Amino acid sequence: MKHDSLESFIEDVCGESHLRVETDLGDGFVRLRSAEAERRQAAHDIRSTEDIVIEMLRNARDAHARSIFLAVTREDRRRKLVMIDDGDGVPPSMHERIFEPRVTSKLDTMSMDKWGVHGRGMALYSIAVNSESAYVAASDSGKGSSLYVETNLDKVGEKTDQSSFPTFERNESGNVVVRGPKNILRTACEFAIESRTSCTVYLGSATDVAATLYAFGLASLTSSARAFCKEPSRLPVSKRLSVCADPASFAQEAARLGLELSERSARRIMDGEIAPLSPLIDRIRIEAVPEPDNTPTPPRNVRDRAAAQDARGLKIATEDLEIFSKRVAAAFEDVARDYYLESGVSPEVRVGKDCIRITIPIAKLR
């Protein structure tokens, strides 16, 4: 039997437990080897897709990114995340090593935020351990980064409802209360609020993010700079798509950033048919919570009639909102079919003091 390393030989002869234990202290106690302790810590740090998203966002923020672009796609049981930022960047020599444990650029600047300690050099390692694929798609010192992560949802799960946009309300004490499933959208929204003074977050599909990066580059580069740029890799990662001359080169450059899209989608982006994303913070509206109503809740038929007459302090049960939202979505199917729009949307229903607001996301078929 051939052994590739001394560790594999020891493991075959003595069993896996030998490599996990540094010292047997007796009475059932052992001192774990650092590698085993790190693997267990990684399994604790990353339990869902949402955990990966927040760690990637914090990593970009700590690298002094001012703009963060997160592309989220799913294919069957595979979740793909591509995060592009305009932060400090990573030199090529460190592209693989940043996924090793205890590797960090924050020697003296460990930070603490609402999600805990950051700066131990364990975030990217934990992501790599729990994902099927994790690598630096593009980066260099001072040019920002593009990180690609792909997970198997059978191993690292996520919230079932990934389409519901959270609602934010301010209670009587002035604190913001978040409602809705703790999905990727909510995770990114909470980060956008927490970091609104330091960075701007954009979130959408790979095509949406590519369109946003294209507009981002056009807005910051002169026409002459784009015309005479023969090598996109000399530019910051977030501006490289803006110098592509045709859909074929656009799709190729997007692939180098980890964004998969067709030449047809690239052409639509370059023709201005796909609008760039708005900052996530602009989609967040913090509503004031209505004054509490101590009146006993009437039966549903009486409640419906009263709501039509006076909407002050209106409260609708969660199950009723879900039924109403599904009916709105069903009604939208005909419009989507006739106007070539994406179907299967999840309308956002908000109950205000004097009205009920219904927002239906619209996306053209690609």
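**A short tour of a predicted chain**

Before going on, a word on what we are looking at. This is a predicted model, in which local features need pLDDT of at least 70, side-chain atom pairs count only at pLDDT 80 or more, and totals for chains, interfaces and linings use all residues. Residues are numbered from 1 along each chain as its sequence is written, and side-chain values use heavy atoms, with hydrogens and water left out.

Back to histidine 64, then. You will find histidine 64 in the loop between α4 (49-62) and β3 (67-75). Its phi is positive, about 65°, although histidine 64 is not a glycine.

Is aspartate 76 buried or exposed? Aspartate 76 is exposed, with a relative accessible area of 70%.

Now step back into α4 itself. Of its 14 residues, 12 are buried, so α4 is largely enclosed by the rest of the structure. Among them are Ile52, Val53, Ile54 and Leu57, and also Glu50, Glu55, Arg58 and Arg61. The end C-alpha atoms of α4 are 20 Å apart, which agrees with the 20 Å its residues should span at 1.5 Å a residue; the expected span is 1.5 Å times one less than the number of residues. Across the protein chain, 39% of the 366 residues count as buried.

Arginine 186 has a relative accessible area of 10%. Which residues does arginine 186 contact, leaving aside its neighbours within four places in sequence? They are Pro166, Val178, Arg179, Gly180 and Pro181, where contact means heavy atoms within 4.5 Å.

Next, a pair of helices. The axes of α9 (residues 247-256) and α10 (residues 263-270) come within 8 Å and cross at roughly 110°. That makes α9 roughly perpendicular to α10, a label for angles of 65 to 115 degrees. On the α9 side, the contact is made by Pro247, Ala248, Phe250 and Ala251, and on the α10 side by Glu263, Ala266, Arg267, Ile269 and Met270.

Last stop: helix α12, residues 318-338. Its 21 residues reach 31 Å from the first C-alpha to the last, close to the 30 Å expected. Where is its kink centred? The kink, of about 30°, is centred on phenylalanine 332; the bend at a residue is the angle between axes fitted to the seven residues ending there and the seven starting there. Phenylalanine 332 is also one of the buried residues of α12, which include Asp320, Val328 and Ala336. Just after α12, tyrosine 340 takes a positive phi of about 55°.

Technical notes: Axes are lines fitted to C-alpha atoms, for helices over the stretch in contact, and angles run from 0 to 180 degrees between N-to-C directions. Helices (H or I, at least four residues) and strands (E, at least two) are DSSP runs, numbered from the N terminus. Angles under 35 degrees count as roughly parallel, over 145 as roughly antiparallel, 65 to 115 as roughly perpendicular and the rest as oblique. Buried means under 20% relative accessible area, exposed over 50%, partly exposed in between (1.4 Å probe, protein chains only).
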